[in-house]
Amino acid sequence: MDCITPVYEEAKKRIKIMPQHTLRASSLGDPCDRRHVYSLTRALEQLPHDVGLQRIFEEGELQEKAVIRELQAAGIQVHEQQRALEWKEYGITGHIDCVIYPEEIDCDIKSMSAHIFDSIFFRGPGVYEWSEVEEGFQKKHWLRKYRGQITIYMLMTGRGKGMLLCKNKGTGALAQVNVPLDYAYGEELLQRAERVNAHVKAGTIPDRIPWDPEVCPSCSFYHICLPDHVGKDPLMFLEDAQVVAMLDELSELEEDGKRYVKVKEQANDWAKARPEKRICIGNWLVEKKPYGKGVRVEIQCITEAPPAREPGQEG
């Protein structure tokens, strides 16, 4: 008997793509203005997440409820669970997980894998200040949004006190992060909301963020933002000042000149000697494509998608 397949098939049915009419507090920490604009204007065109991610979302909801039960059992006053928040001026909505009384602390609950938990909370379970763990919350793109979410909640409620309660899904360990209200950071988030709303109103699209191999290919709007890259071989990100200088020079030369022919030949030889089919180096995308019985080298400028910060990484 197979008990697993029916469970996963049922989970697939719960994957929904819905229109989005406001910016979400939970995602405003994402630095990609273009993704926010697409979320408001082309939400129904985004690619649905897979069943694995759906189960992660649902597990997070279960863990949130479990943490609240533990808090209440320990005599901690938990109020305003899933209270809806709206900031009409900026077109932002959200649902705060709970508020801890009597101190009236806005609280958001996050569950995470044992690996992520241990990499952030170096002392194990306990209470941490944001300054102690800020670096740990920069390690993954989804972790970077947590501070933005609780900051927006603090601004919307006007309380000025925030807390992240984090749970290790593997061991059940808990860690509390006291997050102070950083008004400068909050202003950055509100300025992002203003920019996004202005683009939506004007019917324009903001520039792309610098290419991030961890973020861009997994974005649900990747096929809209960079359609020419979908289904292609992986990009290899390299750094080589001499090669970049060669490609820069090539772009400045007249195609019928002797120097152009020489530099183009050098660039072709370099590309053909590499094992990768697609290389991002400097502001250049170098691609090798079949041509008859040989290979044709194509070079194009991609200033909107510069190389990743870590050379030698595939994206």
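## Aromatic pairs

Eight aromatic pairs are found when the whole structure is searched. The structure is a predicted model.

One of these pairs joins Phe 121 and Tyr 128, whose ring centres lie 5.1 Å apart. The angle between their planes is 55 degrees, and the pair is classed as tilted. Phe 121 has a relative accessible area of 2% and is therefore buried, since buried means under 20%. Tyr 128 is likewise buried, with a relative accessibility of 0%.

A further pair consists of Phe 137 and Tyr 146, with 6.2 Å between the ring centres. Because their planes stand at 65 degrees, this pair is edge-to-face; planes over 60 degrees apart fall into that class. Both Phe 137 and Tyr 146 are buried.

## The aromatic cluster

Ring pairs connect several residues into a cluster: Phe 117, Phe 121, Phe 122, Tyr 128, Trp 130, Phe 137 and Tyr 146. Tyr 128 also has a charged neighbour, as Arg 123 lies over the face of its ring, 4.3 Å from the ring centre.

## Packing of helices α1 and α3

Helix α1 spans residues 4–13 and helix α3 spans residues 51–73. Their axes are 9 Å apart and meet at an angle of about 80 degrees, which means that α1 is roughly perpendicular to α3.

On the α1 side, the contact involves Val 7, Tyr 8, Ala 11 and Lys 12; on the α3 side, it involves Val 51, Gln 54 and Arg 55. By class, four of the contact residues are nonpolar, one is polar and two are charged. Within this contact, the charged end of Arg 55 sits over the ring of Tyr 8, at 4.9 Å from the ring centre.

Key: Residues numbered from 1 in each chain as written. Predicted model: local features only at pLDDT ≥ 70, side-chain atom pairs only at ≥ 80, totals over all residues. Heavy atoms only, no water. Axes fitted to C-alpha atoms, helices over the stretch in contact; angles between N-to-C directions. Helix = DSSP H or I, 4+ residues; strand = E, 2+ residues; numbered from the N terminus. Parallel < 35°, antiparallel > 145°, perpendicular 65-115°, else oblique. Contact = heavy atoms within 4.5 Å. Nonpolar A, V, L, I, M, F, W, Y, C, P; charged D, E, K, R; others polar. Phe/Tyr/Trp six-rings, centres within 6.5 Å; stacked < 30°, edge-to-face > 60°. Buried < 20%, exposed > 50% of the residue type's maximum accessible area, 1.4 Å probe, protein only. Lys NZ or Arg CZ within 6 Å of the ring centre and 35° of its normal.
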